[in-house]
Amino acid sequence: MDGQYKRLLLQALFSPSSAALGRALKQYPVDRTALADYLPLLPAGLKERRRLLDNTGSLAAQYEQLREQGWCWLALGDAGYPPLLTQIADPPGVLAVRGSVEALNAPGLAMVGARNASADGLDNSRRFSRQLAASGFVIVSGLALGVDAAAHRGAISGGRTVAVLGSGPDRIYPPRNASLASQIVAADGALVTEFAPGAAPLPAQFPQRNRVISGLSLGTIVIEAAIRSGSLISARTALSQGREVFAIPGSIHNPLSKGCHQLLRDGASWLESLDDIFHAFGDFRRSVEAANITDQGAMPELLRHLTGGLNSLDALQQRTGLPVTELAGQLSELELEGWVERVAGGYLKRSGAVV
């Protein structure tokens, strides 16, 4: 069976309980396990999905159509699966991706906020995302109206962006952002979803979508948010994942500032300029420049901190003391030069990479 098709079948079997599939794949790797062996692991509410394996005709047709559109599938454990996402408590089992898989592995910053954002909120979204993308970050958001769409558009004008969908790969939502989705892919970004083809954008799926947005990112930026909003849920999810949260202060007369002010009272980082981001992660502009210098002396220096087994990003950061963004840039360069291999959960030193 085609490995890509097998991944899609698994996604369809477990959707929308992708986290349950993630737990199954940690125990039973996709390329070493028969599809039937996953059936006993289906959540109770999805037991009827067993019938899917007896009648796969319509799904096979969808698979061919989606592949023609550029979609591919990554399972937890695959080399291209985003390392940051493996570190959350409930990573998705299979991701459908259209566009640059590498964009999912680059240092990301999430940007979230109100759908009915103010003019200032939309301007802040575009401006910060454009500048951060130009500095080397990939901007991650949810393709929604308002702040999300403004963040994607700003990032496209400066660099790359990733849109995480709350629906299946065949259901771009909202439909009016279909053109924006195509622009994201054309600008070397990516669309990604954990949901199977045919999955509608149901309200219960957006909190799941939000954990992927923050899980792909080093930190989450909240532009505008009401006290009871999905953006605040996203921010608290990011905090639970051990990621940074930034909030932009606003007018006390703007109800959409109240959520940001609450986050600031709860310990979120103040965001007023790019310097606030660089202070948290190091000056990423210098990190990008350093990563582009083919200094063969500097790169093997990092290899001294890699053990013979799996090296997680957290462990390497503790050993080296480097800012995460600079460390990620150096690891990407080492990978391109063949010194290391990126695998699920971290990096392996390649045979012969001795310093």
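**The whole chain**

Begin with the entire protein chain displayed; the model is predicted. The secondary structure comes to 16 helices and 11 strands. The C-alpha trace spans about 55 × 55 × 35 Å along its principal axes. For 355 residues, a compact globule would have a radius of gyration near 20 Å, and the chain agrees with this, having 20 Å. Colouring by accessibility will show the buried residues, which make up 53% of the 355 residues. Of the contacts with a separation of 6 or more, 72% are between residues 24 or more positions apart.

**Helices α1 and α2**

Select residues 3-14, helix α1, together with residues 18-27, helix α2. Their axes come within 8 Å and cross at roughly 125°. The two helices are therefore oblique to each other, and the crossing of α1 and α2 is right-handed. Show side chains for L10, Q11 and F14 in α1, which meet S18, A20, L21 and L25 in α2. The residues of this contact divide into five nonpolar, two polar and no charged.

Next, select P16, in the loop between α1 and α2. The peptide bond from S15 to P16 is cis, with omega near 10°.

**Buried Q205**

From P16, move to Q205, which touches P16 as well as G166, S167, F195 and A200, leaving aside residues up to four places away in sequence. Q205 is in helix α9. Is Q205 buried or exposed? Its relative accessible area is 7%, so Q205 is buried.

**Helices α6 and α7**

Select residues 119-134 for helix α6 and residues 147-158 for helix α7. Here the helices pack at an angle of about 35°, and their axes are 7 Å apart. The crossing of α6 and α7 is right-handed. On the α6 side the contact is made by L122, S125, R126, S129, R130, A133 and A134; on the α7 side the residues are V147, A150, A151, G154, A155, S157 and G158. By class, the contact of α6 with α7 has seven nonpolar, five polar and two charged residues.

Then select L143, in the loop between β4 (138-141) and α7. L143 is not a glycine, yet has a positive phi of about 65°. With a relative accessible area of 0%, L143 is buried.

**The loops on either side of α8**

Select P174 in the loop between β5 (160-164) and α8. A cis peptide bond joins Y173 and P174, and omega is about -5°.

Continue to the loop between α8 (178-186) and β6 (190-193), where A187 is found. A187 is partly exposed, with a relative accessible area of 23%. Apart from residues up to four places away in sequence, A187 touches I156, G159 and R160. A C-alpha to C-alpha distance from A187 to T161 gives 8.1 Å, for residues 26 apart in sequence.

In the loop between α8 and β6, also select D188. D188 has a positive phi of about 70° although it is not a glycine. At 41% relative accessibility, D188 counts as partly exposed.

**Helix α10 and what covers it**

Select residues 230-240, helix α10, and highlight its buried residues: S231, L232, S234, A235, T237 and A238. Which elements cover these buried residues? Among them are β3 (108-112), α9 (205-215), β7 (219-222), β8 (244-247) and α11 (258-265). Just after α10, G242 takes a positive phi of about 80°.

**Two last selections**

Select R265 in helix α11. R265 is exposed, with a relative accessible area of 59%.

Finish at H305, in the loop between α14 (298-303) and α15 (313-320). At 27% relative accessibility, H305 counts as partly exposed. H305 touches N311, L316, R319 and T320, not counting residues up to four places away in sequence. H305 and N124 are 181 residues apart in sequence, and their C-alpha atoms are 39 Å apart in space.

How values were computed. Residues are numbered from 1 along each chain as its sequence is written. Side-chain values use heavy atoms; hydrogens and water are left out. Axes are lines fitted to C-alpha atoms, for helices over the stretch in contact, and angles run from 0 to 180 degrees between N-to-C directions. Helices (H or I, at least four residues) and strands (E, at least two) are DSSP runs, numbered from the N terminus. Angles under 35 degrees count as roughly parallel, over 145 as roughly antiparallel, 65 to 115 as roughly perpendicular and the rest as oblique. A crossing is left-handed if the near helix is turned anticlockwise from the far one by less than a right angle, and right-handed if clockwise. Contact means heavy atoms within 4.5 Å. Ala, Val, Leu, Ile, Met, Phe, Trp, Tyr, Cys and Pro count as nonpolar, Asp, Glu, Lys and Arg as charged, and the others, Gly among them, as polar. The radius of gyration is taken over C-alpha atoms; the globule rule is 2.2 Å times the number of residues to the power 0.38. Buried means under 20% relative accessible area, exposed over 50%, partly exposed in between (1.4 Å probe, protein chains only).
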